[in-house]
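Q: I would like to learn how to read several local features of a model. Please begin with the helices.

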Amino acid sequence: MGTLPHAFSLFALILLLTSGTGADQSTKTQAIFKGSARIGAILDTSSRIGKEEIVAMEVAKEDFYGFENQTFFHIKDSRKDTIHPALEAKDLIDTQVQAIIGPQTWEEVSLVAEIARETPVPILSFADTAPEWATERWPSLLQASPDKRAQMKAVAAIVQSWNWHQVTVIYEDTDSSARGVIPHLHDALREVNSEVSQFVAFSPFASSDSMSKELENIKSKQYCRVFVVHLSFKLAVRLFEMAKKMEMMKKDYVWITTDPITSLVHSINASVISSMQGILGVRSYFPKMGRNFETFNQRFSTRFSRKYPLEEKKEPGIYAVQVYDAMRTIALGLNKTGSKRGGKELLENILDADFHGLSGKVKFKNQNVAAAEIFQIVNVIGTGYNELGYWSNGLGFSENIHENSSYNTSMIGLGQVYWPGGPRYTPRGWTALTSAKRLRIGVPSFSGYEEYVKVESDDRLGTNFSGFSIKVFEATAASMPFFPPYEFLEFNGNYNELVEQIHLKKFDAVVGDVEIVSSRYQYAEFTNPYTETGLVLIVPARSSSKAWSFVKPFTTTMWVLISVITVYNGFVVWWIERKHCDELQGSIPNQIGIMIWLSFNTLFSLNAPKLHSNLSRMSGVVWLFVALIIIQTYTANLTSMLTVQRLEPTIPSVEELLNSNAVVGYCTGSYMERYLAEVLKFKSQNLKHFRSAENYFEGFEDKIISAAFLGTPYAKIFLAKYCNSFIQIGPTYKIGGFGFAFPRGSPLLASVNEALLKISENGTLQELEKTWITPQKCPEMQSESSSLGPSGFRVLFFITGGTTTIAFVIYVCRTNLVRHKNIWGIISAEVLLKRWFSLRRHFTRRVANAEIPTNAFPEAPVPLA
């Protein structure tokens with residue numbers, strides 16, 4: 001009886017094991033390949049990735065190769081060494097494996113591929129990235145995992161969502177990161193107007209001391225608090241544990257991790273995840289739905305917990321499903337070639353694979369599966385993580401993935417993010433540093449225009465910096481969400497030397513009335529101009545002569561048009577009235593004089609000669625109305641011109657300066673001299689440099705120069721001081737403008753440009769300009785352009801000209817009609833008279849014949865014979 005309980009327990013244990021195996025058999029898919037095969041794998045068997053891959057291969061063997069097949073796995077341990085996988089690959093090739101799976105890093109993959117270069121053994125790589133030239137050098141190398149470089153755009157989209165402009169990138173100092181990933185991250189951040197403030201590279205074998213020193217350097221000297229971490233998982237765990245000890249996982253800090261870290265967040269145990277609270281991560285997406293995945297997940301979890309009981313988390317990740325799909329790919333290829341064959345034929349059949357696996361679509365193009373386009377956004381919180389949503393390349397963020405998903409460029413709508421330090425506080429992405437070195441801002445010690453830059457030294461109060469340029473910079477820095485501490489330092493030298501100090505690392509920026517010039521870009525980069533850009537010509541002005549002031553109210557065109565209309569109206573009136581008045585007749589010179597006299601007499605006199613025709617009266621009345629308006633306008637404009645002072649330039653144009661060989665002044669450096677000589681063609685000996693408005697005035701007074709070229713900002717101040725003595729002429733040449741200078745590639749430049757635009761739009765810049773550069777009030781002046789042209793009188797001229805023309809046409813037509821009637825009357829009367837005389841002669845002849853008798857005349861005697 002004592003043995004009965006033990007027998008029953010043994011029976012129950014056997015039954016349990018049998019049921020577990022039966023469950024595996026009942027849920028597995030039908031085998032694809034049932035022959036014998038030899039498949040090699042090079043994995044890090046001690047890592048979580050390697051453990052998941054081993055279990056996934058075992059499940060795939062049951063699913064795709066059958067229970068009773070003769071398939072052998074030759075699994076080699078990479079031992080976390082770059083060289084050792086190459087030796088293991090040589091051993092696998094000697095064992096005559098038909099395909100090799102792995103390794104995980106590009107450094108290992110490149111050596112394995114080189115070893116297998118002379119053999120056609122397919123190598124299915126799971127490295128994150130591979131250079132484009134890899135497939136040409138190693139035809140048997142296949143990239144079985146999607147290229148994940150698009151995840152850098154997802155990271156940039158996260159940075160853009162929270163309006164962070166500065167990012168510190170921490171990456172592993174390997175070729176695959178430095179050449180394959182980091183450049184893509186840099187470009188993606190630039191596309192969203194963010195900059196990398198610092199790149200921090202950690203060796204894969206970095207010691208705790210070196211990591212601590214690097215983090216301390218970042219903490220104390222860098223104001224940026226947004227970190228993008230692209231490290232291997234184990235190195236990242238050490239980093240976050242060190243950051244937590246140094247209190248860098250608290251408020252104001254932002255940590256964004258990439259796929260190598262985030263894709264293993266499901267496997268992190270409680271002791272490790274406590275140091276990663278608030279991390280925001282991007283990881284590869286694969287659909288965790290459908291019967292196939294549920295079956296795989298159940299069988300994987302059961303087998304994984306049995307094989308690795310010390311692991312707390314047992315769910316599969318992206319690496320497990322990728323290896324599972326790779327095993328299926330090899331099985332499909334072997335099924336076509338047969339168990340005894342491999343090499344190039346197996347490679348070609350693998351490249352023909354086309355199916356939907358657990359990781360997504362599996363189809364090779366140029367020896368690579370399609371690049372990953374969808375990534376999942378997760379947030380570490382508590383003992384696990386929240387799946388906030390997804391990011392799709394070209395679409396943006398969404399809460400789920402299906403046909404009717406709505407997308408947004410910002411992730412703010414995905415839900416509450418738990419940041420380091422608490423969920424309700426969104427980090428600014430920067431902090432003010434008390435121990436950090438202040439930015440050294442160079443300022444010119446002497447500017448010819450104190451309205452822009454004024455430097456005052458005081459033994460008690462120190463050096464004081466003021467002026468429009470200084471205040472604009474201070475307002476710009478104050479409007480930015482972050483800006484490091486800074487101090488102004490004066491510089492005694494020319495402007496080119498001042499900008500060069502940035503290149504020499506003596507200044508971190510330059511502020512002042514510094515022109516944006518192409519030649520200075522070899523030393524620094526400039527912000528957008530905060531003043532008007534351009535170069536103008538200033539010449540002495542003189543009061544215009546009043547001897548001919550009476551013709552100035554109207555332009556020459558206006559005078560010509562008035563004369564033409566007046567003569568035309570006089571001609572029409574004379575033509576209509578000439579037969580009614582004897583005074584309008586006579587010789588041709590006399591009639592011409594009378595016609596002109598009549599024209600202007602009608603214009604300037606209301607007591608014009610008496611008109612007899614209604615047509616001439618109509619034309620005269622309309623013209624008299626127009627003339628009245630013109631006369632009143634002329635009187636008003638002439639009065640204004642004689643009352644208000646009017647200046648005119650002593651030199652009319654740049655061409656006149658060039659032709660006269662006059663000396664001209666210029667300012668702000670050697671670039672202006674080159675521009676005037678090379679572009680505007682002034683002779684070098686005719687160019688003279690001045691530094692201030694007072695110097696220019698003295699140069700004009702002493703007749704040293706005849707004109708001066710000034711930048712638009714300087715011209716405003718100069719003309720404000722000497723408004724009654726000088727005038728601006730000619731076009732504005734589009735060059736220069738004042739800007740702030742920063743080191744080339746400075747991460748602050750984009751943010752400063754945005755802040756400049758902001759203070760311009762909200763009116764701050766205009767207020768500062770009114771405060772510092774408000775022009776002095778000058779006596780009112782009248783410019784040459786006050787003469788009135790015909791454009792304002794166009795309608796009046798049309799009315800009077802049209803009226804006169806209509807009157808003339810009516811008169812001509814009526815006159816011709818009367819003339820034609822008279823001609824026809826005369827012709828008709830003549831015909832009638834001729835007919836009457838003809839009939840009368842005929843009638844008289846008949847009457848005469850009737851009155852003479854037949855015997856009135858005796859017959860002549862007949863002569864006798």
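A: Helices (H or I, at least four residues) and strands (E, at least two) are DSSP runs, numbered from the N terminus. The expected span of a helix is 1.5 Å times one less than its number of residues. Helix α10 (residues 233-245) has 13 residues, and its first and last C-alpha lie 19 Å apart, close to the 18 Å expected. This is a predicted model, in which local features need pLDDT of at least 70, side-chain atom pairs count only at pLDDT 80 or more, and totals for chains, interfaces and linings use all residues. Residues are numbered from 1 along each chain as its sequence is written, and side-chain values use heavy atoms, without hydrogens and water.

Q: Which residues of α10 are buried?

A: Buried means under 20% relative accessible area, exposed over 50%, and partly exposed in between (1.4 Å probe, protein chains only). In α10 the buried residues include F233, L235, F240 and M242.

Q: What is the phi of D252, and where does D252 lie?

A: D252 is not a glycine, yet its phi is positive, about 85 degrees. D252 belongs to the loop between α10 and β9 (254-257) and is buried, with a relative accessible area of 13%. E247, which follows α10, also has a positive phi, near 60 degrees.

Q: How many disulfides does a search of the whole structure find?

A: A disulfide is a covalent bond between the sulfur atoms of two cysteines. The search criterion is a pair of cysteine sulfur atoms within 2.5 Å, and the search finds 0 disulfides. C224 is buried at 0% relative accessible area, whereas C813 is partly exposed at 48%.
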